Amino acid sequence: MKRLITRERLPILATSIVCLGLYLLSGFNFEGFFSLRVAFNFLTDNAFLGIIAVGLTFVILTGGIDLSVGAMVGLSGILVAFLVDSKHWNPIAAMAIALGCGAVLGLMHGYLIAKFELAPFLVTLAGLFLCRGLALWISKASIQIKDPLMTDMASFHVGLPGGASLSLSSILFIAVLLIAIYASRQTTFGRAVFAIGGGKQSAVLMGLRVPQTLILVYMLSGVCSALGGIVFAIYTSSGNAIGGTGMELDAIAAVVVGGTLLSGGYGSILGTFLGVLILAIIQTAITFQGTLSSWWTKIAIGTLLLIFMLMQRGIVKATERTTA
Amino acid sequence: MVALDQVDFTVQPGEVHALMGENGAGKSTLIKVMTGVYPADKGSIRLAGQEICPTSPSDATRLGISTVYQEVNLAPNLSVAENICLGREPKGWSGIRWREVRKRADQALARLSVSIDTGRALGSYSVAIQQMAAIARALDVQAKVLVLDEPTSSLDAAEVQQLFEAINRLKAEGMGIVFVTHFLDQVYAISDWMTILRNGRKVAEGATKDITRTDLVKHMIGREMSSDEAHPKAPESSALQSPPLLTAQSLNRKGAITNLDVSIGAGEVLGLAGLLGSGRSESVRLFFGCDRLDSGKLEVDGKGVHGWSSSDAIRAGFGYCPEDRKTSGIVPELSVRENIVLVLQSRRGWLRSIPRKRQADLAQRMVAQLNIATTDIEKPVQFLSGGNQQKALLARWLLTEPRLLLLDEPTRGIDVGAKQEIMNLVEDLRGKGMSFVFVSSELAEVVRTCRKVAVLRDRRMVETLTGSEITEERIMATIAEVSH
């Protein structure tokens with residue numbers, strides 16, 4: 001007989017329960033919270049964070065970390081805004097350049113980490129400074145995007161029944177999510193990511209292409225964060241060099257709350273999606289509440305993060321006991 | 001140094017070939033050459049008549065030589081099925097076909113007659129099952145040769161039996177199996193043929209049924225009989241009448257040693273003899289309080305002790321020179337002087353530092369006494385030869401004037417002259433009433449140094465020999481005896 005509740009599924013189950021519980025709790029307390037419009041706004045308002053967190057999930061699954069994602073949001077946003085508005089480039093070309101930047105930065109990270117066995121924390125910290133510096137070098141002031149194609153993108157919606165609508169950002173987010181779920185479950189690359197997280201040395205001895213996989217993982221994270229930056233720029237209709245400051249930490253929080261172990265090997269993209277939703281629900285609930293300051297969001301997330309870490313530690317300990 | 005010297009090694013299809021030898025005999029090197037970890041300087045590898053040249057373990061696997069290591073090298077976080085197929089999963093239009101992965105895993109495990117839920121994480125199973133999964137993974141690539149490198153070290157008896165059944169099934173299918181182990185019983189239980197290595201050379205090869213246990217042990221550890229075989233035995237120490245310094249009564253520690261029953265009196269040298277992995281070092285660690293006892297009684301000066309720890313041992317006047325002086329003894333960057341005064345200083349507490357002048361005097365005295373060859377006591381100890389490093393380590397403990405010194409392989413990897421000096425030193429100090437536990441893979445050294453020898457086999461103490469019973473022949477025979 002197959003069991004639905006297994007030890008491996010415990011984190012994702014816990015995340016689901018917390019997500020559902022918070023949603024119901026907020027829904028019963030605040031008028032209008034249950035509307036489809038609010039639900040789809042979760043997607044639109046957090047699309048950039050979600051896209052970044054998905055890329056970061058792959059990195060964390062290998063046991064690594066990418067601190068440069070927030071800075072990449074700033075760089076890619078200001079780059080697109082600058083090229084489109086000051087240099088009058090075609091927006092599509094500008095976005096392609098931004099995505100290329102993300103890929104190149106990720107390639108550099110991955111190469112240094114895989115070939116020279118440098119610590120991911122430090123390599124991507126250097127990347128963070130590099131991106132932020134480059135972004136400020138392009139423009140210290142924020143740049144308003146007035147290009148008609150870009151404003152069209154910002155207001156693009158697919159209408160849904162019940163007054164809800166799907167924005168371009170949320171469509172992109174969903175697309176990234178689906179591709180990532182497929183890649184993590186159904187491809188050799190995705191499984192190699194998990195195997196590396198389970199033990200790098202073993203992965204090498206099993207004949208997996210560890211360096212190539214690592215490089216690809218960091219490139220993926222770079223491209224995702226660049227895409228997140230583009231979505232952020234569309235969402236805010238501007239580019240800002242200091243945009244996305246601290247966003248790497250929100251993304252890490254979403255990934256960990258989503259049940260992915262920071263030491264790698266265990267976790268899922270779906271979990272990260274739920275993690276992003278949890279952050280979104282907390283944020284929205286505090287907005288609905290009206291009297292609490294927005295800093296309560298941070299306090300709630302911090303508390304939740306702590307609880308999840310303790311829970312994961314408990315699960316790991318329990319697993320060790322049964323195998324010992 | 002040549003790790004392997006002109007060794008020929010042939011595995012027939014459908015044969016279990018045991019590769020035997022003590023530490024440093026060249027077993028691991030031979031396996032690493034076969035599996036592409038190291039290149040051979042000279043010579044060739046042929047698989048089914050075809051010359052091959054594996055460049056990495058994964059390359060060797062592709063060619064048909066798979067290795068299963070003592071430590072399972074799989075991903076504990078993934079399912080058993082996935083571990084078996086990882087990297088070569090069957091794929092369809094929608095990516096990996098998980099149903100087929102499960103089917104293939106079940107098939108590979110069925111060949112080993114293992115039936116488990118392959119959907120569960122590998123890490124949730126016992127080491128034995130994990131090892132089976134590793135073997136199943138090797139089967140899934142159609143290995144022609146399977147190398148099992150000490151696969152039984154962490155298995156219990158029933159699990160070993162299960163592994164052997166699997167090996168026999170594979171043998172019947174015509175696979176060539178290389179089996180490395182330290183357990184003599186297992187070699188005779190499973191292997192058809194054996195190759196014995198010693199110091200990088202092949203010393204013997206033949207059908208397992210034609211090689212007696214005594215011959216096997218002799219080939220592994222016995223030396224060619226030499227002139228210093230018959231040496232004068234010092235008379236039995238008169239100090240034996242005083243209460244023993246240390247008494248061990250049926251000490252047990254799971255996975256380390258069972259049934260250890262010895263006593264050491266003042267002015268006595270207790271030898272621990274046995275093959276590598278027989279529990280020698282583990283016993284010494286118990287004496288020094290490095291590991292906890294599962295059961296048994298330890299008495300020091302006739303009084304039972306509980307929760308014996310290393311600091312208790314040091315307080316009782318014990319000293320311990322561990323097996324691997326590079327990693328757990330010498331501090332390579334510190335000077336000869338600093339290394340020598342280390343324990344004495346830590347005993348006084350770091351607040352009451354020994355004056356520099358006194359340190360130098362003490363170090364100088366030990367250097368002279370033990371004849372440590374160094375130009376200067378301020379020289380970092382890493383620049384000394386192995387033998388002199390070992391002597392510096394001895395000096396460190398001798399300064400504390402220990403009552404009992406535990407020496408685990410004090411003569412390994414040092415030159416003949418230094419070996420002699422260390423053994424002479426032990427003899428001298430013994431005469432002055434100091435006690436020793438002496439562990440050595442060189443039987444001749446044990447015979448020469450000790451007046452009491454505990455013989456260990458497969459992590460169990462089997463006999464204590466004293467006085468004239470202590471001969472190389474007798475020790476080897478005891479090690480080789482069939483255990484019941």
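Predicted model: local features only at pLDDT ≥ 70, side-chain atom pairs only at ≥ 80, totals over all residues.
**Aromatic pairs**

Over all chains, a search of the whole structure finds 17 aromatic pairs. One of them joins A:Tyr23 and A:Phe42, whose ring centres are 6.4 Å apart and whose planes stand at 75 degrees, so the pair counts as edge-to-face, since angles over 60 degrees fall in that class. Because A:Tyr23 belongs to helix α1 (residues 10-29) of chain A and A:Phe42 to helix α2 (residues 36-61) of chain A, the pair ties together parts that are 19 residues apart in sequence. A:Phe42 has a relative accessibility of 7% and therefore counts as buried. Both rings also belong to one aromatic cluster, formed by A:Tyr23, A:Phe28, A:Phe30, A:Phe33, A:Phe34, A:Phe42 and A:Phe288.

In chain B, the rings of B:Phe288 and B:Tyr320 form a tilted aromatic pair, with 5.2 Å from centre to centre and 45 degrees between the planes. B:Phe288 lies in the loop between α9 (280-287) and β14 (295-300) of chain B, while B:Tyr320 lies in strand β16 (residues 318-321) of chain B, so that this pair ties together parts 32 residues apart in sequence. B:Phe288 is buried, at a relative accessible area of 5%, and B:Tyr320 is buried as well, at 11%.

**Charges over rings**

| Arginine | Ring | Distance from ring centre |
|---|---|---|
| A:Arg191 | A:Phe194 | 4.6 Å |
| B:Arg120 | B:Tyr125 | 4.7 Å |

**The contact between the chains**

A:Arg191, whose charged end sits over the ring of A:Phe194, also forms a salt bridge with B:Glu82, in which the closest N and O atoms are 2.4 Å apart. Across the interface of chain A and chain B, the rule finds one salt bridge, and it finds eleven residue pairs in polar contact, both residues being at pLDDT 80 or more. On the side of chain A that touches chain B, α7 (168-186), α8 (188-198) and α9 (200-205) of chain A each supply at least two residues, and the largest share, six residues, comes from α8(A).

The contact takes 19 residues from chain A and 26 residues from chain B. The size of an interface is often given as the accessible area lost when the parts come together. Between chain A and chain B the buried area is about 1,900 Å², of which carbon and sulfur atoms give 55%. In chain A, the residues that lose the most area to chain B are A:Gln186, A:Leu205 and A:Met206, which together account for 32% of what that side buries.

Methods. Residues numbered from 1 in each chain as written. Chains lettered and ligands numbered in written order. Heavy atoms only, no water. Phe/Tyr/Trp six-rings, centres within 6.5 Å; stacked < 30°, edge-to-face > 60°. Helix = DSSP H or I, 4+ residues; strand = E, 2+ residues; numbered from the N terminus. Buried < 20%, exposed > 50% of the residue type's maximum accessible area, 1.4 Å probe, protein only. Lys NZ or Arg CZ within 6 Å of the ring centre and 35° of its normal. Contact = heavy atoms within 4.5 Å. Buried area = accessible area lost by both parts, 1.4 Å probe. Salt bridge = Lys/Arg side-chain N within 4 Å of Asp/Glu carboxyl O. Polar contact = N/O pair within 3.5 Å; in protein donor to acceptor, adjacent residues only side chain to side chain.
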